[in-house]
Amino acid sequence: MPTPEIAVTGATGQLGGRVARRLAARGTAQLLVVRDPARAPELPGATVARAGFADAAAVRTALRGVRTVLMVSASESPDRLRHHRAFVDAAAAAGVEHLVYTSFLGAAADATFTHARDHWHTEEHIRAAKMGFTFLRDNLYADFLPALAGDDGVIRGPAGRGRVAAVALDDIADAATVVLGDPAAHDGRTYDLTGPEALTLDEVAGILTGATGRTVTYHPETVAEAYRSRAVHQAPGWLVEAWVSTYTAIAAGELATVTDAVTTLTGRPATSLAALLAPENRRIPPA
Ligand SMILES: NC(=O)c1ccc[n+]([C@@H]2O[C@H](COP(=O)([O-])OP(=O)(O)OC[C@H]3O[C@@H](n4cnc5c(N)ncnc54)[C@H](OP(=O)(O)O)[C@@H]3O)[C@@H](O)[C@H]2O)c1
């Protein structure tokens, strides 16, 4: 079988898996670049290669002959940026022409949300690599919002009255699939992918209560309270900072942007949180 023109990373995960299933449903041949082939989804037209981002030799071999790659950002770790840079360099060396990278809304060297800084530096590395690129700067996943509530139904964090325009994973996957279908048409473009509305966490709590029947409330913490309430997890400092800065980014207004990028790319409105939580509206089951 000839090497597919499109490769997808992260296919064992939520977002990459969704995109891979969409490409397969369209009859598009694809190469799934995964760390563990045994966990790769079995899809018509898909072949599988084993390569972690930091394994430059494996990435180069896997991507030879591939023209376009969906690079789903790696799991958060202190050395994620090194993994990203290694992958980008190996993709360029393999002759990849276009990288579609899943970044984060407001990616910047001084972004409040610490993970958004990694995304900025990754974007910069991709720009410098002289490949075509498209950046999909995703807001927080709307699918992730229910998990903000603790066992007691309280969302705790220093988000003040800030707003977040969280975006549904299915919307990101649909947008990514459109871009992969015609990368040249999106070359050099950055899309801020957001939901249709910017909600305070009070409003999020109200929607979660309405959708689940379980009472969810929001308790705004101070930053000091946020660090104290998370100390119980004994997590490394960089991770706690990321958790807390999710909320301070909301407080700072950095996640409040609402765009029409989902609509522009997919031709339909972005999914609201209430619609996402309504089971009858799920178009494709979660991975
Ligand atoms: N916008 C948001 O709210 C938000 C929330 C969470 C995460 N994210 C970011 O968005 C990415 C995709 O989200 P998701 O929900 O699809 O995450 P996910 O379900 O955890 O999937 C991550 C995927 O990336 C693969 N991966 C992770 N590190 C890798 C590495 N170093 N080399 C190669 N593959 C690697 C994983 O492979 P394995 O199965 O082998 O682990 C998995 O397939 C995440 O990785 C994270 O960077 C964004």
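His186 is buried, at a relative accessible area of 10%, where buried means under 20% relative accessible area, exposed means over 50% and partly exposed lies in between, with a 1.4 Å probe and protein chains only. This histidine sits in the loop between helix 5 (169–181) and strand 9 (189–193); helices (H or I, at least four residues) and strands (E, at least two) are DSSP runs, numbered from the N terminus. The side chains of His186 and Tyr191 are joined by a polar contact of 2.7 Å. A polar contact is a pair of N or O atoms within 3.5 Å; within protein, one must be able to donate a hydrogen and the other to accept it, and residues adjacent in sequence count only if both atoms are side-chain atoms.

A word on what you are looking at: this is a predicted model, in which local features need pLDDT of at least 70, side-chain atom pairs count only at pLDDT 80 or more, and totals for chains, interfaces and linings use all residues. Residues are numbered from 1 along each chain as its sequence is written, and side-chain values use heavy atoms, with hydrogens and water left out.

## Around the ligand

Let us turn to the ligand. It is surrounded by 20 residues, and the closest are Thr12, Leu15, Ser73, Ala74 and Tyr141; a residue counts as near if one of its heavy atoms lies within 4 Å of the molecule. By class, this shell has 7 nonpolar, 9 polar and 4 charged residues. Here Ala, Val, Leu, Ile, Met, Phe, Trp, Tyr, Cys and Pro count as nonpolar, Asp, Glu, Lys and Arg as charged, and the others, Gly among them, as polar.

A backbone N or O atom of Gln14 lies 2.9 Å from an oxygen atom of the ligand. For Leu15, a polar backbone atom is 2.7 Å from a ligand oxygen, and for Ala74 the corresponding distance is 2.8 Å. Of the 890 Å² of accessible area that the ligand has on its own, the protein covers 82%; accessible areas come from the Shrake-Rupley method with a 1.4 Å probe, and for residues only the protein chains shown count as cover. The elements that give two or more residues to the shell are helix 1 (14–25) and helix 3 (80–94).

## Inside the protein

Helix 3 also holds Ala90, which is buried at 4% relative accessible area. In helix 5 we find Ala173, buried at 0% relative accessibility. Gln30, in strand 2 (residues 30–34), is likewise buried, with a relative accessible area of 0%. Val48 belongs to strand 3 (residues 46–50) and is partly exposed, with a relative accessible area of 39%.

Each of these residues can be paired with a partner elsewhere in the sequence, as the table shows.

| Residue pair | Separation in sequence | C-alpha to C-alpha distance |
|---|---|---|
| Ala90 and Leu63 | 27 residues | 8.4 Å |
| Gln30 and Leu180 | 150 residues | 11 Å |
| Val48 and Leu31 | 17 residues | 5.6 Å |
| Ala173 and Gly16 | 157 residues | 7.7 Å |

What about empty space? Rolling a probe the size of a water molecule over the atoms shows where empty space is left. A cavity is a set of points, on a 1 Å grid over the protein atoms alone, where a 1.4 Å probe fits but cannot get out, and its lining residues have an atom within 4 Å of a point. Grid points are joined across faces, edges and corners, and a volume is the space filled by probe spheres set on the points. By this rule there is 1 cavity of 30 Å³ or more, and the largest cavity holds about 30 Å³ of space. Its lining is made of Leu145, Val164, Ala166, Pro196, Glu197, Leu199 and Leu273, which divide into 6 nonpolar, no polar and 1 charged.

## Two loop residues to look at

Lys130 has a positive phi of about 65 degrees although it is not a glycine. Lys130 lies in the loop between helix 4 (114–128) and strand 6 (132–138) and counts as exposed at 74% relative accessibility. Gln234, also not a glycine, has a positive phi of about 50 degrees. The loop that holds Gln234 runs between helix 7 (223–230) and helix 8 (237–251), and Gln234 is exposed, with a relative accessible area of 73%.

Conventions:
On a 1 Å grid over the protein atoms alone, a cavity is a set of points where a 1.4 Å probe fits but cannot get out, and a pocket is an open set with protein on both sides within 12 Å along at least five of seven lines; lining residues have an atom within 4 Å of a point.
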